[in-house]
Amino acid sequence: MGLLSDPHCRRALSRLVLRLNTPLCTLSYVAGLGWFLALAFQPLAPRTYMSENAMGSTMVEEQFLFGERALSYAREFAGHKKKAGGMPVAWLEKTMWNLGLEVHRQPFSRTLPFPDETRERYMVKGTNVYGILRAPRAASTESLVLSVPCSEGPHNNQAVGLMLALASYFRGQIYWAKDIIFLVNEHDLLGMEAWLEAYHDVNITEVRSSGTLGRAGAIQAAIALELSSDVITSFDVAVEGLNGQLPNLDLLNLFHAFCQKNGLLCTIQGKLQRSDWDSLPAYAHSLQTLLLMVLAQASGRPHGDHGLFLRYRIEAITLRGINSFRQYKYDMTTVGKTLEGMFRKLNNLLERLHQSYFFYLLPSLSRFVSIGVYMPAFGFLILESRPGLLALVPPLLICHAAGLALYFLPVLGQHVATQHFPVSESEAVVLTVIAIYVAGMALPHNTHRVLAGGGSDRGWMTLKLLALLYLAVQLGCLALLNFSLGFLLAATMVPAAAAVQPNGPKVLLAVLLVLATPAVTLLLGIFLQRELVEAPAAVAEGWQLFLAAVAEGLLQHHLYGSLLFPFLALCAYPCWLLLWNVLFWK
């Protein structure tokens, strides 16, 4: 502490850190990778445990004996589905009604933005059917959901049969304190999204539904079931939801506990867990499972119908019955007992699941890595020196404000321009674009004076680093959508962006940067195109073609939604202004 209080020692330490910046950043990056690889080791992955007291014990005696009835329902469902060529709505409604449920149907439709490759359809139409078992001991304030997707072909027939058998059994019990919704949704995720939006009276997507929707209590938890065989050898559980959301870890722990009680094999990411945690093969197995979860979560897509429930703060998982070549086989009675026990435990909840983790990674079903353990790995990866970030706020705000003005003002202000200048509306729009574009070049002379420490070398170096990262991300994303445009902008902007600095031949660098601006790229592209078609354009004609191209770009954006103009105005132009700020930093 005495050394750090001495300003000379602090400056010496700062110079030492700057000299060692590259080795330190490299070491930090390697440390972050090493930390992540270590997450699969036993000390960093403790055993899972139940945090919710209401689900802390599995000491309930399951009485489900309707395994054969489940298979009978499955065969009837398969026959009616084949006869109807899809969802057997009438049969499902009649069967649920005979079981004593309150039955509802929900027709829905969705226009796709473009046809899918497999079916080549623009419009998807379907019907969801669900029955509500009203709780005899409560006032319909809370509910649970058991959902089964009606898939094409023979898939998932057994899941529908088991769901109907469970509904038949549940109807005869008197201990339910929550409503139970038995849902059969058509077209998988599309049907599930339609039902969730209608149930919660929101319209996030453009799904259209009709009919009167019956409601139960607020949904506390949901289980999506997928079965395509009369017997199963194991259950695989999916937890990854939309945008990487995960359910509360207690719901996963509850499933694992009942699988252990009933002797069911259970997997995650398709991997059985090993017991020999101390061996190198076991570590490799755990790391493989961990990486599979990381990849699945990073995809951002829901890995089952449960993934859409998580958006509505409803804890949910998807259970998939697997029938492989393993020697252990389990019938519908054993599977039904597991689901019955889970619903009886969820029925005991006094509040939403909240005591366990929502952010975790799983090397196996019995061990987890919490957010407090895996976040340091991410911190090491992005650790670097970030001097004077506050001083970069003014140029960032002003450069993007110029981009917003370039995007909005030409069209909004066309009538004002025609009143004060002898130009037409189209001419006013184009000239306003050019005026705002050129006016942005004066911004550095105003912004750099208000910066705290604006004249320091570390300030402009940090701003240039930010601008280069910004440009790299923009061009990288653009090349995935339009390679030609991304290639042209990269070929013109990257050399100037790499060379720009406030020290050196300022006039030469300014000319280079002006030539690299997207507007000049467009102008030069027009001349190049005319040369390639062997119809060279004079300077005046090229200028007129340039003005016409600007007008056409604006018009196509407002008529057809072309993204070229908004990309140049809101992304490329502000990024170029940041580089212009670097040039005039001092």
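Residues are numbered from 1 along each chain as its sequence is written. Because the model is predicted, local features need pLDDT of at least 70 and side-chain atom pairs count only at pLDDT 80 or more, whereas totals for chains, interfaces and linings use all residues; side-chain values use heavy atoms, with hydrogens and water left out.

**Exercise 1. Determine which residue forms a salt bridge with Arg 320, and where the two partners lie.**

Solution. Step one is the criterion: a salt bridge is a side-chain nitrogen of Lys or Arg within 4 Å of a carboxyl oxygen of Asp or Glu. Step two is the pair itself, in which Arg 320 meets Glu 226 with the closest N and O atoms 2.9 Å apart. Step three places the partners: Arg 320 lies in strand S9 (residues 315-322) and Glu 226 in strand S6 (residues 218-226), so the pair ties together parts that are 94 residues apart in sequence. Strands here are DSSP runs of E with at least two residues, helices are runs of H or I with at least four, and both are numbered from the N terminus. Step four concerns accessibility, where buried means under 20% relative accessible area, exposed over 50%, and partly exposed in between, with a 1.4 Å probe and protein chains only. Arg 320 is partly exposed, with a relative accessible area of 24%.

**Exercise 2. State how many salt bridges the structure holds, and characterise some of them.**

Solution. The structure holds eight salt bridges. One of them joins Glu 142 and Lys 178, whose closest N and O atoms are 3.3 Å apart. This pair links distant parts of the chain, since Glu 142 is in strand S3 and Lys 178 is in the loop between H6 and strand S4 (179-186), 36 residues apart; Lys 178 is buried, with a relative accessible area of 2%. Another salt bridge is that between Glu 315 and Arg 313, at 2.5 Å from N to O. In this pair Glu 315 is buried at 3% relative accessible area, whereas Arg 313 is partly exposed at 35%. Salt bridges that share partners also join Glu 102, Arg 134 and Asp 179 into one network.

**Exercise 3. Contrast Asn 156 and Asp 201, each of which has a positive phi although it is not a glycine.**

Solution. For Asn 156, phi is about 70 degrees, and the residue is found in the loop between strand S3 (142-150) and helix H6 (157-171). Asn 156 is buried, with a relative accessible area of 3%. For Asp 201, phi is about 55 degrees, and the residue lies in the loop between H7 and strand S5 (208-209). Asp 201 is exposed, with a relative accessible area of 67%.

**Exercise 4. Identify the residues that form a nonpolar surface patch with Ile 371, and compare its location with the annotation.**

Solution. The patch consists of Phe 359, Ile 371 and Met 375, with about 280 Å² of accessible area together. Areas come from the Shrake-Rupley method with a 1.4 Å probe, and for residues only the protein chains shown count as cover. Patch members have over 30% relative accessible area and no salt bridge, with like charges joined within 9 Å and nonpolar side chains (Val, Leu, Ile, Met, Phe, Trp, Tyr) within 5 Å. Ile 371 itself is found in helix H12 (residues 371-382), and it counts as partly exposed at 36% relative accessibility. According to the unreviewed UniProt entry, the "transmembrane region" annotation covers several ranges, including residues 357-383; UniProt positions are given in the numbering used here, feature names are shortened, and annotations may be inferred rather than shown by experiment.
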